[in-house]
Amino acid sequence: RPLTTLSFRLNHWVGGMQPVWFHGVNTVLHATCCVLLTRVALVVASLDTRFATLAGMLFAAHPIHTEAVAGVVGRADVLACLLFLLSFLTYHDEGWRLTKGGRLLCSCLLAALSMLAKETGITVLIVNLLYDLYKNWPHVKRVIVEVRWNEESLQFARRTAKILMATSMLLAFRLAMLQGSLPKFSSQDNPAAFHPCPHVRLLTFCYLAAFNWWLLLCPSTLSHDWQMGSIPLVTSLADCRNLTTALFVTCCLVLAYRCAAEFELQRQAPLVLGSLLLAVPFLPATNMIFTVGFVVAERVLYIPSLGAVLLVAYGAQILHKSCCWTPRSRSAILTCLLLILASFSFKTLDRNRDWSTREALIRAGIKTLPHNAKMHYNLANYLRDTNSADLAITHYREALRLWPGYASAHNNLGTLMSSASEAEAHFRSAITISPSHVNAHYNLGQVYRKMNRTLEAVTMLERCLRLDTSYTPAYLVLAKLHSPPVAARLLYHVTRLLPNSPDYQAYFASWLHDRGVTRLALKFYLRALGLQNDHLASTLGVARCLRAQGQIARLHQFLIRWYLMHRGHSGRGRLVYVAELYVRTLDLYKPSQSTYSHPPTVECGTRDTNRSRWWRSVGMINHTKNSCRNQKANQNEQEVYVEGDAQRLD
């Protein structure tokens with residue numbers, strides 16, 4: 001999704017990582033979509049002004065959109081919808097000052113941009129073609145019956161050929177971006193897709209379509225994640241949920257029949273357009289064409305909800321006209337519409353509070369779906385991050401009770417075990433469930449290392465690297481277990497894997513300095529400073545290397561130059577009291593003042609304001625840590641396990 005990624009980059013360029021800018025852009029895009037939908041309802045569907053406005057208001061306040069607008073990752077859906085509507089309006093709105101050929105070209109280009117925001121954006125070309133077929137059906141029918149072409153049918157045929165060609169080219173381009181293969185998912189992402197019985201898959205997929213339809217009509221039960229058994233499989237015809245599916249299929253058939261009849265009557269354009277906008281963009285999410293990686297995803301309903309609110313607004317218009325002779329009936333219709341808008345607005349405000357913080361979102365999800373294993377897993381991750389280990393263990397165990405094959409829960413639970421044997425058991429369970437689980441292999445290797453089972457630790461870490469040759473933490477631990485020549489090759493390989501990381505360059509330099517290879521260590525320290533000129537560990541490392549080589553004059557020059565480069569950035573906070581540091585260099589770097597057995601620990605993101613502690617730190621051997629950017633690769637002398645799979649909210 002390159003266009004969505006580009007929008008994030010522009011966001012970061014303008015406002016950095018401040019969330020308000022990301023959410024602000026999502027809100028502006030959503031508001032623009034509301035305006036464009038109102039334009040579609042007014043100009044293309046020919047609704048009355050009041051009911052076209054009603055469609056825009058319903059779309060603006062619909063609670064199903066909270067995930068797409070409040071969640072930053074929903075940018076893909078909102079941006080794709082905006083371009084979807086622009087493409088549709090360019091094709092069908094006669095008010096655009098373009099030739100017919102120019103409008104078609106612009107519509108296809110906007111459809112391509114919509115696809116680059118999210119894959120479902122390409123469905124606008126199908127919607128354009130089908131609605132064009134509806135408007136030109138009398139001419140097309142005449143060609144079919146009389147076998148004689150006219151000017152209108154010829155123009156429609158040319159447009160059809162161009163749209164089909166553009167659709168084929170865009171699909172080929174998208175597959176090329178995926179390198180010719182579709183994404184692969186697991187059973188925990190979409191359990192029904194991996195069930196061996198075809199009738200179970202069919203019944204479940206049909207029920208899920210009905211469930212999505214119900215969420216659009218009555219969004220009372222909403223959650224950011226519906227995976228892992230949140231909706232049980234429909235395994236037999238005796239399941240009462242099949243009644244819901246039957247009702248849904250009946251409504252779909254009635255709607256399809258009315259739309260087919262409307263091709264002949266040409267009197268209810270909003271009915272046809274609403275049905276197309278509801279059905280066509282939702283087709284890729286039905287699992288009928290290809291497998292998707294979710295059970296229910298509320299933000300996937302963002303574009304199909306265009307059709308839903310258009311049908312509701314059109315239905316309200318029909319009721320209003322049919323009851324226009326009764327003032328009490330008009331008042332009742334108006335009251336119902338106001339109640340719907342008010343209920344949607346209150347529900348949206350409530351969901352916004354759920355999305356305000358990570359904890360609120362997770363706890364709201366558990367309240368809605370207490371039997372969802374991933375909700376408990378996410379809450380356990382949050383509790384672990386907030387140092388509530390006992391509660392985290394409880395929720396990890398609950399996640400495993402609800403979903404025994406949850407490899408990541410086994411892995412993360414193992415990191416909290418105080419007993420090495422219990423940790424080993426959980427890591428082994430994770431590997432048994434998911435043989436390609438890299439973190440579990442690494443953590444098991446760490447356990448073996450802690451238990452002094454070196455050969456098994458080396459075997460497990462090497463297996464970890466066979467699964468992922470770029471997994472740098474395994475290289476760092478193996479370097480500690482091997483002899484210096486092998487360790488040197490491993491650490492040098494890490495610097496080649498991540499040539500733009502100053503932390504790994506400084507780590508290798510520190511390792512070289514510990515073994516007396518001062519000249520080469522200085523080279524890697526300087527390389528790290530070339531990548532990040534305020535890298536503290538490298539600055540101190542260069543100072544130690546120059547002192548060890550007896551280059552006091554060069555050391556003075558280095559410190560003065562460093563101070564002049566950074567004095568205007570943050571005053572005294574960059575390297576504590578650097579102005580005094582280079583003045584007192586001769587006294588500071590006496591050998592008698594540089595013998596410390598253990599370096600002080602400096603936490604990521606904090607600054608030590610104790611002068612003497614920093615004076616001492618300059619003269620000692622610094623066991624460089626991988627700093628804030630690479631917490632999972634933290635290779636101190638203190639054992640730290642790598643956490644399991646990162647939390648995934650999609």
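Start with Arg 351: its relative accessibility is 4%, so Arg 351 counts as buried. Buried here means under 20% relative accessible area, exposed means over 50%, and partly exposed lies in between (1.4 Å probe, protein chains only). Please note that this is a predicted model: local features need pLDDT of at least 70, side-chain atom pairs count only at pLDDT 80 or more, and totals for chains, interfaces and linings use all residues. Residue numbers run from 1 along each chain as its sequence is written, and side-chain values use heavy atoms, with hydrogens and water left out.

Where does Arg 351 lie? In helix α14, residues 327–354. Helices are DSSP runs of H or I with at least four residues, strands are runs of E with at least two, and numbering starts at the N terminus.

Now the partners of Arg 351. Set aside neighbours within four places in sequence, and Arg 351 is in contact with Thr 66, Leu 222, Ser 223, His 224 and Glu 298. Contact means heavy atoms within 4.5 Å.

How many residues separate Ile 362 and Ser 223 in sequence? The answer is 139, yet C-alpha to C-alpha they are 9.3 Å apart. Ile 362 belongs to helix α15, residues 358–368. Its relative accessibility is 1%, so Ile 362 counts as buried.

Step back to the whole chain. There are 30 helices and zero strands. Of the 650 residues in the chain, 49% are buried. Take contacts between residues at least 6 apart in sequence: 66% of them join residues at least 24 apart.

Helix α7 covers residues 123–135, which makes 13 residues. The expected span is 1.5 Å times one less than the number of residues.

Which residues of α7 are buried? They are Thr 123, Val 124, Leu 125, Val 127, Asn 128, Leu 129, Tyr 131, Asp 132 and Tyr 134. As a reminder, an α-helix has 3.6 residues a turn, so residues three or four places apart point the same way.

Now the loops. Ser 46 sits between α2 (19–44) and α3 (49–61). Ser 46 is not a glycine, but its phi is positive, about 60°. Is Ser 46 buried or exposed? Exposed, because its relative accessibility is 52%.

Asn 452 is another loop residue. Look for it between α20 (438–450) and α21 (454–467). At 66% relative accessibility, Asn 452 counts as exposed.

Last stop, Gly 16. Find it in the loop between α1 (2–15) and α2. Gly 16 has a relative accessible area of 22%, so it is partly exposed. Leaving aside neighbours within four places in sequence, Gly 16 is in contact with Asn 11 and Phe 22.

To recap for the screen: Arg 351 and Ile 362 first. Arg 351 is buried in the model, and Ile 362 is buried as well.
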